[in-house]
Amino acid sequence: MKKDRKDLLQGTLDLLILRTLQRGKQHGWGISQIIGLRSKEALNIKEGSLYPALHRLERQGWIESDWGLSENNRKAKFYKLTRAGSRQLEEETAYWEEFVSAVSLVLQV
Amino acid sequence: MIWFKQWLRKFGYLNRGGRFDDDLSEEMRLHLDMMVDENIAAGMTKEEARKAASKRFGNVEYFREDCRESWGLRVVESLMRDICLSIRLLKKSKGFTLAVVATLALCIGGNASIFTILNNVLLRPLPFPESERIVTIHNSYPKIGQPNAASNVPMYLDFRDETSAFSGLALVDEFEGNVGGDRYPERVFGFSVTPGFFSTIGVNPLVGTFFSEENSVQGQHRVAVLSHKYWESRYSSDHGIVGQSIRIDEELYEVRGVAPRSLEALYPSAQIYVAYSWNPGSFAPLDRHSNDPQLLGRLKRGVSIEVAKAQVDVRDQAFSDSMPEFRQDLINAGHETIVIGLQERRTTSVRGVLFLLQAGGMFVWLIGCVNVSNLALTRANARQWEFALRTVLGARRLDIGRQLYAESVLLSILGAFVGVALGVLGIGLINRYAMAMLPPMPPLSFDVGSTVFAIGLALLSGLLIATLPAIRLFSRKLVSALGEGARSVSTGRTSNRISSSLVCGQIALALILLVGAGLLTRSFAKLVARDVGIDPENVTTLRIPLTGASYRDNANVVAFKREILESIRALPGIESVGIGTNIPMSSDIDSGVISYTGFEKKPDDMLPVTLNTRVSPGYFETLGIELLKGETFGPFDAAQSRKGVVIDQHLADLYFPGVDPIGKKMISQYGRTDEENWPTIIGIVENAQHERVDEISGSPTAYYSLFDAGQRTFSVFVKSEMDPDQVVSTIRGLVAERDSEIPVFMSGSLSEYLDETLNGRRMVMLLISIAAAIALLLSSIGVYGVTAYGIGSQRKEIGTRLAIGASRGEIVVHFLKRALGKTLVGLALGLVGAVALSRFVESMLYGIEATELSVYLSIAVLLFAVSMLASYLPVLGASRVSPMTALRAE
């Protein structure tokens with residue numbers, strides 16, 4: 001039971017990262033800022049947990065990384081969506097929407 | 001392909017090595033810095049900003065580990081770490097490593113060697129296409145002591161023409177002859193075969209062709225096929241030899257072709273194949289039971305052995321119906337024609353032996369594993385404190401357990417390496433000394449299968465060995481060891497209990513092996529000491545084949561034998577000399593049914609067949625076969641036209657109970673000659689063994705006069721104090737004086753010759769004894785180790801006891817009592833096991849029951865003594881310790 005919830009959360013974080021990177025390449029700090037802004041700070045995520053997720057996604061081949069300079073001229077690692085990542089995002093988004101609507105249907109009864 | 005790309009990416013990361021960590025830190029540091037900056041901008045102090053950022057980010061170390069894990073780095077890394085740690089630890093305790101590797105290598109090497117034999121002999125099929133379809137077909141007369149007789153031409157023709165189960169049939173007989181002519185004369189050995197032989201086996205000529213159908217007709221038989229080996233050695237692989245003629249026994253044979261090397265798997269020592277031939281129409285119906293050549297067949301595809309057997313039975317029935325007067329004899333003999341797979345027939349005799357050896361080897365391996373396990377357990381106990389500390393510092397039990405396994409698998413792989421080297425050595429020794437116990441086959445090699453077996457066994461050992469310490473690790477509160485600290489009073493009563501029960505098992509296994517070795521040794525001693533009725537002391541033997549064209553005349557053969565006999569007798573220093581057609585216990589000997597004047601066979605008589613051989617005057621004296629009654633052959637028999645036969649006591653008892661046989665006329669294979677021409681029984685001699693050792697059935701024997709027939713190959717026996725080599729070379733000279741074309745072979749001391757017939761059994765006994773000796777050694781080391789360890793962990797107790805007034809004797813008795821208990825339980829278990837398993841050696845024993853009490857008792861006493869001694873040594877040491885030292889020891 002506990003394990004299921006964790007998996008779900010993890011999956012969700014992956015989805016958020018992929019969606020964020022759809023708008024262009026970004027470094028870890030940037031990603032967390034964007035997620036925070038868009039969710040109106042409603043999601044309580046330990047920001048550190050972003051990094052294992054990023055590495056996992058990179059291992060899967062859905063994102064790529066590259067070193068570059070940040071806005072304030074610091075060395076930063078930028079992540080960018082790959083083609084496989086875009087496909088994965090589509091799939092996961094569709095899955096998520098289905099999932100949410102299914103759960104909502106049940107809750108509305 | 002996705003997994004492949006993932007692996008590529010993974011290795012890209014692994015290759016970056018240390019940079020992975022740097023990159024990761026850099027990435028996270030940026031994030032934290034930005035958060036701090038943001039917080040400061042929101043009005044916090046620097047200190048507050050850092051704390052808040054850190055709180056929101058979470059545990060950096062934790063996430064770092066998580067990142068590594070997401071690349072699968074953790075597993076690889078920790079494995080590498082375990083291995084490195086293990087190597088370091090093992091380097092530190094060299095004694096332990098050495099003991100373990102030596103024990104494992106010995107066990108693995110020995111088992112791998114035996115497995116190599118087993119694999120080569122039993123598991124691997126013959127290297128011919130669909131070799132499982134090759135069968136042998138032979139007459140069997142179990143009730144008269146001939147369960148595995150051979151076959152003959154009438155059977156071959158009958159089954160070839162009247163059954164449909166076989167796609168090919170072939171007769172095979174041993175052949176030997178002198179090859180001379182173009183080069184030096186040479187005695188060659190091989191086989192005479194019918195034309196279908198090669199296709200029945202499934203081989204094609206390497207060069208030229210094989211035989212054709214007409215070659216089996218006498219007169220058109222002078223064709224030969226060279227074995228690959230002989231072609232290489234004598235004719236330097238010359239393709240031009242095909243079509244040329246070579247001289248065999250003074251006759252010209254046309255070389256048809258060369259057999260492929262694969263045939264050596266079946267007949268490794270064959271040099272030449274010639275055509276098996278006979279005169280068409282020269283066989284009487286009864287010859288269906290006169291057995292000489294082997295009959296091979298290839299089953300048609302889809303035909304089972306049972307179907308073939310049924311068809312063969314139909315033909316046997318037809319024969320029996322056509323010869324009603326013979327039917328009862330066949331029934332009395334329990335006759336049956338057996339159809340059996342060739343490979344099975346070749347290996348039945350060694351199957352039991354090999355499985356026995358492998359089982360023995362595995363017992364030794366188990367004993368070895370127990371020793372190593374106990375060592376590892378002792379070591380793990382000594383490391384309790386270290387394990388506890390590691391647990392406190394955050395190591396999981398799984399981590400510690402994994403490290404234990406890594407260590408023992410590493411050890412066993414080392415063991416496997418040394419073991420494979422020992423195995424290769426072992427196979428070399430077996431090729432050199434132990435081939436006598438195997439069916440004829442090319443030398444063995446330690447191959448891939450053997451290596452895989454060795455490594456498999458090593459890994460299994462590793463797992464077994466680590467399991468004990470691991471079980472202990474998981475069954476105990478580790479942290480409590482910290483509390484006990486270095487001053488632990490009795491380190492692991494439980495572990496001592498486990499060790500003790502393992503030692504019981506060791507003693508039991510060792511006892512079983514020792515009993516097996518004891519039974520085989522006792523049986524072998526009986527075999528050596530058995531009364532063979534022959535005294536080979538100072539007897540030299542050699543074999544002479546008369547192969548020249550002039551010896552086709554019997555008179556010349558007889559004359560040659562007489563002359564050589566006379567000239568040898570005339571030599572100085574010769575005690576006596578005789579000629580016989582057979583060498584006792586080694587060459588095949590004719591056998592048949594006998595008849596005598598006035599013999600009336602009762603329908604249910606089950607008389608064993610009689611062995612027939614021909615001997616000269618002087619034969620019995622030379623071989624020390626004692627004359628019991630009457631007389632033996634004299635030099636003037638022929639001149640007085642006396643035709644005699646000497647029988648042995650066995651024959652006299654069987655056929656002439658309560659009657660004096662001397663003066664009666666008798667014949668073997670009756671029906672061929674008129675009764676008045678039968679020889680007369682002139683004497684009775686003591687029983688002597690002429691059959692091979694593994695065919696001991698105590699058949700009666702009849703000795704006919706050498707000069708009544710013209711056997712062209714015969715053995716000379718000379719009794720003399722002189723050196724056998726000198727005797728042989730002198731006689732060689734005498735032979736050459738008469739005919740320089742005649743070789744002399746199978747020469748040497750008769751006692752050595754007879755001794756060599758026991759080589760197969762001697763090897764089995766020796767190998768099992770080696771296994772048993774190793775088992776004894778290892779288990780006494782085991783007993784010693786466990787007792788010593790038990791005492792070591794109770795030094796404080798000993799010190800206390802001594803300090804409050806216990807005598808040294810009491811201490812000794814106290815510990816010996818424990819050892820006694822273990823030993824007795826082990827012995828009891830072992831005895832039960834040995835009795836239960838004894839039936840597996842039963843068939844290998846001679847003159848001794850598998851449950852011979854004296855063997856069991858003496859082995860038990862031996863093992864008891866060894867085990868008590870092994871315990872007494874450390875106990876004695878402990879009792880000499882001064883109480884103060886013992887108390888301070890911890």
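Analyst: In this predicted model, Glu691(B) sits in the loop that runs between strand S19 (680–685) and strand S20 (701–705) of chain B. With a relative accessibility of 11%, Glu691(B) falls under the 20% limit and therefore counts as buried. The side chain of Glu691(B) is joined to that of Ser699(B) by a polar contact of 3.0 Å.

Salt bridges come next, and a search of the whole structure finds 29 of them over all chains. One of these is formed by Glu251(B) and Arg222(B), whose side chains meet at 3.1 Å, N to O. This pair links distant parts of the chain, 29 residues apart, since Glu251(B) belongs to strand S7 (residues 251–258) of chain B while Arg222(B) lies in the loop between strand S4 (207–208) and strand S5 (223–226) of chain B. Arg222(B) has a relative accessibility of 32% and so counts as partly exposed.

Within helix H10 (residues 305–322) of chain B, Lys309(B) and Asp313(B) are four residues apart, about one turn of the helix, and they form a salt bridge in which the closest N and O atoms are 3.0 Å apart. Lys309(B) is buried, at a relative accessible area of 17%, whereas Asp313(B) is partly exposed, at 32%.

Another salt bridge is that of Glu563(B) with Arg738(B), where the closest N and O atoms are 3.2 Å apart. Here too the pair links distant parts of the chain, with Glu563(B) in helix H18 (residues 554–569) and Arg738(B) in helix H21 (residues 724–738) of chain B, 175 residues apart. Both partners count as partly exposed, Glu563(B) at 40% relative accessibility and Arg738(B) at 31%.

Across the interface of chain A and chain B, five residue pairs are in polar contact. On the side of chain A that touches chain B, helix H2 (28–38), helix H3 (50–60), strand S2 (63–69) and strand S3 (75–81) of chain A each give two or more residues, and H3(A) gives the most, with eight residues. By class, this side of chain A has eight nonpolar, 10 polar and eight charged residues. The contact takes 26 residues from chain A and 26 residues from chain B, and the two chains bury about 2600 Å² between them, 54% of it on carbon and sulfur atoms.

Methods:
Residues numbered from 1 in each chain as written. Chains lettered and ligands numbered in written order. Predicted model: local features only at pLDDT ≥ 70, side-chain atom pairs only at ≥ 80, totals over all residues. Heavy atoms only, no water. Contact = heavy atoms within 4.5 Å. Buried area = accessible area lost by both parts, 1.4 Å probe. Polar contact = N/O pair within 3.5 Å; in protein donor to acceptor, adjacent residues only side chain to side chain. Nonpolar A, V, L, I, M, F, W, Y, C, P; charged D, E, K, R; others polar. Buried < 20%, exposed > 50% of the residue type's maximum accessible area, 1.4 Å probe, protein only. Salt bridge = Lys/Arg side-chain N within 4 Å of Asp/Glu carboxyl O.
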